[in-house]
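Please open the structure in your viewer and keep the sequence panel beside it. The stops below say what to select at each step and what is to be found there.

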Amino acid sequence: MPIPQHAIERLAPSIQPLVFETGVEDAPYSSTRGTVFLVGYEGKPYVITARHALQPDNLVPICIFPSDTSYHLIPLKNVFYVPQSLEDGDFVDLAVIEIDTKRITHPEVAEARLIDLALCCGEWKRYASEARFFVLGYPEDRSEFNYETQEFRADRMTLFGQYDGPSTLPHIHRLSVLDSLSLKSFSGLSGGPVFAWVERPRQRSGPILCGMVLLGSSESGLIHFLDRDVLLDALRVKRQHEQQTEPG
């Protein structure tokens with residue numbers, strides 16, 4: 001049976017394009033350079049993406065929107081990532097950004113939909129060979145800025161696949177994409193979430209977060225993704241640091 005479309009549609013608003021400010025009035029946004037997803041962890045909201053998508057060696061302001069229709073920006077603070085100079089390996093290629101709830105003033109931002117990690121982090125590796133996988137993200141070649149209308153457009157796409165086993169690198173897995181949807185490149189999908197749909201007898205089916213896209217190639221049809229446990233570890237460390245620095 002195919003993955004129910006309504007299950008994907010419920011997740012979709014939590015996955016947004018990673019857009020950079022240009023500082024140019026006539027073209028305020030650049031094209032999509034990656035994907036982010038909004039999550040709730042221990043009662044607090046965060047943005048997760050790939051570190052390399054943020055271009056940490058040349059940081060510029062980023063724009064994260066709360067929904068597909070809103071142009072109000074989510075206020076952010078305190079990005080957390082391991083500097084490449086201090087750690088070697090793709091498994092640290094992630095960034096966790098805190099959403100600054102005290103600066104939220106518009107209802108569209110307050111209503112941003114989060115992926116509740118307490119509800120979607122079930123077992124998937126045991127059933128990987130039979131599960132159906134999907135990735136949500138924003139390929140670069142499906143995004144553009146219209147200079148005449150001053151409108152930014154990014155098409156969120158869903159790629160379906162099957163598990164291709166662990167990578168030779170630690171904490172990395174491979175996904176074989178069933179249909180590349182004529183994409184010239186998978187660039188822009190970095191930072192997007194990878195889900196598995198697992199159906200078991202007498203168990204309620206639902207999407208399970210497996211990890212985050214790091215890189216991929218439309219030519220090979222393969223996507224490499226970071227294990228979810230690494231994301232949870234990063235969130236745990238960040239949350240502990242926040243608790244240590246919170247006043248009172």
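**First stop: Thr49**

Select Thr49, which sits in strand 3 (residues 44-49); strands here are DSSP runs of E of at least two residues, helices are runs of H or I of at least four residues, and both are numbered from the N terminus. Thr49 counts as buried because its relative accessible area is 0%, where buried means under 20%, exposed over 50% and partly exposed in between, with a 1.4 Å probe and protein chains only. This is a predicted model, in which local features need pLDDT of at least 70 and side-chain atom pairs count only at pLDDT 80 or more, while totals for chains, interfaces and linings use all residues. Residues are numbered from 1 along each chain as its sequence is written, and side-chain values use heavy atoms, with hydrogens and water left out.

Not counting residues up to four places away in sequence, Thr49 touches several residues, including Leu18, Leu94, Ser190 and Met212, contact being heavy atoms within 4.5 Å.

A distance drawn from the C-alpha atom of Val47 to that of Ile74, 27 residues apart along the chain, comes to 9.7 Å.

Next select Ser190, in the loop between strand 12 (172-177) and strand 13. Ser190 is buried because its relative accessible area is 10%. Ser190 and Ala50 are 140 residues apart in sequence, and their C-alpha atoms are 6.0 Å apart in space. Among the contacts of Ser190, leaving aside neighbours within four places in sequence, are Gly34, His52 and Val213.

**The nonpolar cores**

Which residues have the most contacts inside the largest nonpolar core? They are Phe37, Leu94, Ile115, Leu117, Met212 and Leu226, in a core of 45 residues; a nonpolar core is a set of buried Ala, Val, Leu, Ile, Met, Phe, Trp, Tyr and Cys residues joined through side-chain atoms within 4.5 Å. Centre the view on Leu94, which, not counting residues up to four places away in sequence, touches Thr49, Phe80, Met212 and Leu226, among others. Apart from this core lies another, of 21 residues, among them Ala131, Val135, Leu175 and Cys210.

**Strand 1 and its partners**

Select strand 1 (residues 15-20), which is mostly covered, with 6 of its 6 residues buried. Strand 1 runs antiparallel to strand 2 (residues 34-41), joined to it by 4 bridges, and Gln16 stands opposite Val36 in strand 2. Strand 1 is also joined by 2 bridges to strand 4 (residues 62-63), again antiparallel, and here Phe20 stands opposite Ile62. Two strands pair if DSSP finds at least two bridges between them.

Strand 8 (residues 132-137) pairs with strand 13 (residues 193-198) over 4 bridges, and the bridge partner of Phe133 in strand 13 is Ala196.

**Two positive phi values**

Most residues other than glycine have a negative phi. Select Glu42, in the loop between strand 2 and strand 3, where phi is near 50 degrees. Asn78, in strand 5 (residues 76-80), has a positive phi of about 55 degrees.

**Last view: the whole protein**

Zoom out to the protein, whose secondary structure comes to 3 helices and 15 strands. Buried residues make up 47% of its 248 residues.
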